[in-house]
Amino acid sequence: MKILITNDDGIHGRGLKELANVARRFGDVVIVAPDRERSACSHAMTLRDPLRVHPVDFDGLEAYAVNGVPVDCVNVGLTVAYPDGCDLVLSGINLGPNLGFDITYSGTVAGAMEGAINGIRSIAFSLAVFVAEAPAHWETASKWLEDNFEALAAAPWEDLTFLNVNIPSISYSELRGTRVAEMGKRVYKDRVEKRDDPWGRPYYWQGGMALMSANQPHSDVKTVSEGFVSVTPLSLNWTQRALAEQVARSGNWPIDLS
Ligand code: MN
């Protein structure tokens, strides 16, 4: 099994090491990751600057640091390491959750999206540490991944789909299991904070507290908050078929869906 691994926390991210150390037991691994942290870059790609690709020492694995974002890394990886394609694109393990609407901002998820666009089975992994001071239970993520790697790699899969996996940051003995759940909602309050610089000029810092209402039945948010790993199949076919039919009817426009 030929495996390409990227992330958005950068080549020095702890989660990248954990993911690579598990994946190497199941196949040939090549790592292509941003040379620095590029979290929340979403599905961006670098068009106006050259991409520089530097081989790096990664515990005996073939690995490259790229001055780009996860999408760049997947495409560079498919050019440099796997010109004939690969079997699996893995992205992560991100430090922090990618639940609900986080998916739309996430560079980690974008890495898996780019794999899916290239027709490759792809999976994004995140360790759901919710506050900066909370312990990151990498050992739980690593153990869960080891136990479930083969199932993930062999799971039913369709074109343009990928899996989004969130592992709660709790001890392995506290982990209650795994659930397939749907994308929930994760809304932030006080998203933009106004501050003053030393010269009294205002500046704004975006971040904010996530309003993690776990009261969302079936959601990835609820699943992880209850101590289960969430596995969410996602599709890049964003067409809302039911709504398309209603829109066509309301405008009296012809509809052309497969
Ligand atoms: Mn990140």
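D9 counts as buried, with a relative accessibility of 19%, where buried stands for under 20% relative accessible area, exposed for over 50%, and partly exposed for what lies in between, computed with a 1.4 Å probe on protein chains only. The structure is a predicted model, in which local features need pLDDT of at least 70 and side-chain atom pairs count only at pLDDT 80 or more, while totals for chains, interfaces and linings use all residues. Residues are numbered from 1 along each chain as its sequence is written, and side-chain values use heavy atoms, with hydrogens and water left out.

D9 sits in the loop between β1 (2–6) and α1 (14–23), whereas S39 sits in the loop between β2 (28–34) and β3 (53–55), so the pair ties together parts that are 30 residues apart in sequence. The helices (H or I, at least four residues) and strands (E, at least two) are DSSP runs, numbered from the N terminus. S39 is partly exposed, its relative accessible area being 32%.

A nonpolar core is a set of buried Ala, Val, Leu, Ile, Met, Phe, Trp, Tyr and Cys residues joined through side-chain atoms within 4.5 Å. The largest such core has 35 residues, of which I5, I31, L90, F125, W144, L145 and V165 touch the most other members, and helix α5 (residues 138–154) gives the most to this core, with seven residues. Contact means heavy atoms within 4.5 Å; when its neighbours within four places in sequence are left aside, I31 is in contact with I5, I11, L16, A20, F58, L61, E62, A63 and Y64. A second, separate core of 14 residues includes L4, V32, Y82 and C86.

A search of the whole structure finds 10 salt bridges, each being a side-chain nitrogen of Lys or Arg within 4 Å of a carboxyl oxygen of Asp or Glu. In one of them E146 pairs with R25, the closest N and O atoms being 2.9 Å apart; E146 lies in helix α5 and R25 in the loop between α1 and β2, so this pair ties together parts that are 121 residues apart in sequence. E146 is partly exposed, with a relative accessible area of 37%. R179 and E226 meet in another salt bridge (3.0 Å, N to O), which links R179 in strand β8 (residues 177–180) to E226 in the loop between α6 (220–225) and β13 (228–235), 47 residues apart. R179, at 30% relative accessibility, counts as partly exposed, and E226 is partly exposed as well, at 25%. R195 forms a salt bridge with E193, with 3.0 Å between the closest N and O atoms. Salt bridges that share partners join R179, K222 and E226 into one network.
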